[in-house]
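Hi,

Here is the structure I promised to send over. Have a look at it first, and then read on for my notes.

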Amino acid sequence: MEILDGKKISNQIKEEIAVEVAQMKERGEKVPHLAAVLVGNDGASLTYVGSKVRSCKKIGFESTLIHLPEDTTEEALLKQVAELNANPDIDGYIVQLPLPKHIDEEKVLLAVDPNKDVDGFHPTNFGKMALDMESFIPATPFGIMELLRRYDVDTSGKHAVVIGRSHIVGRPISILMSQKGKAADATVTLTHSRTKDLKSITLQADIVVSALGVPNFLKADMVKDGVVVIDVGITRVPDETKEKGYYITGDVDFENVSKKASYITPVPGGVGPMTIAMLLKNTLLARERHKTKEA
């Protein structure tokens, strides 16, 4: 069994990006600039956005954090989005989800300029991705694909089962793995909460991608020997014995499933770090595309 070490690979990717940014500076070019919009004080979102800002600094990007109060109106947030769209200094930006309940997430995401949508959530980017055209790929599926590529995991002709049909992970990874290319060419089954007899399907899988958000959902008796397991789940489980009052776990019963797996991602340290690395990669791509247009 081999651990798919997302922390190690994400650091490699960041180092590669840092080299490119240093070369941009030497040539006197503008370096990539990533902005993040955070509304309210959700703990997980604050942690995630803080990690993005620190990563930007480490690799030489410019970064801007726009932290708005919880009671920010939808109109005010849309105005902020319009300003970011119009600002030529910003190459890419994200609007951190979830948003407060009084704001229509769909309306906000549709207002984002697809050319600056480094989260890859805009329908224009999603549609281009589905058609295998140049686009911004959602960072988590992009990170999964890169992890599989860098570990040379054989996916060609394999049966991949995706658990979870979200627009952020499940649906896009099912599309990407079915396309032509490295870490792809798989036969993909997309399953979800209404799938009947899920265990009979996962037992057929050469690769399982679990993106449910249900702690320890995937058990050892649900997978065959030699399976490749990608655990996208990340859940805070309350535990008073821990210093923070909780511990982080994934969708997979790691201790038992890892005994049957050929490759497996840990939680934490698997898919999570890759998500941030690929967001930075998308921002670098955005800068390069803007540079081409400027030329």
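Below is what turned up, starting with the annotated site and moving on to the nonpolar cores. Bear in mind that this is a predicted model.

An unreviewed UniProt entry puts a "binding site" at Gly 164, Arg 165, Ser 166 and Ile 234. Of these, Ser 166 and Ile 234 are included in the lining of the largest pocket.

I looked at two of the annotated residues in more detail. Gly 164 sits in the loop that links strand S5 (159-163) to helix H7 (170-178). Its relative accessibility is 5%, so Gly 164 counts as buried, the cut-off being under 20%. Leaving out residues up to four places away in sequence, Gly 164 touches Gly 170, Arg 171, Leu 190, Thr 191, His 192 and Ala 211.

Ile 234 is in the loop between strands S8 (228-231) and S9 (235-238). This residue counts as exposed because its relative accessibility is 58%, and the cut-off is over 50%. Beyond its neighbours within four places in sequence, Ile 234 contacts Ile 248 and Thr 249.

Now the cores. The largest nonpolar core contains 53 residues, and Ile 144, Val 209 and Ile 230 have the most contacts inside it. Helix H10 (residues 271-294) supplies the largest share of this core, with nine residues. Domain 1 (28-112) and domain 2 (139-272) each contribute at least three residues to this core. A separate core has 16 residues, including Val 161, Leu 198, Ala 261 and Ile 264.

Cheers

Terms used. Residues numbered from 1 in each chain as written. Predicted model: local features only at pLDDT ≥ 70, side-chain atom pairs only at ≥ 80, totals over all residues. Heavy atoms only, no water. UniProt positions renumbered as here; feature names shortened; annotations may be inferred. 1 Å grid on protein atoms, 1.4 Å probe; cavity = no way out; pocket = protein on both sides within 12 Å on 5 of 7 lines; lining within 4 Å. Helix = DSSP H or I, 4+ residues; strand = E, 2+ residues; numbered from the N terminus. Buried < 20%, exposed > 50% of the residue type's maximum accessible area, 1.4 Å probe, protein only. Contact = heavy atoms within 4.5 Å. Core = buried A, V, L, I, M, F, W, Y, C linked by side-chain atoms within 4.5 Å. Domains from an automatic or database assignment.
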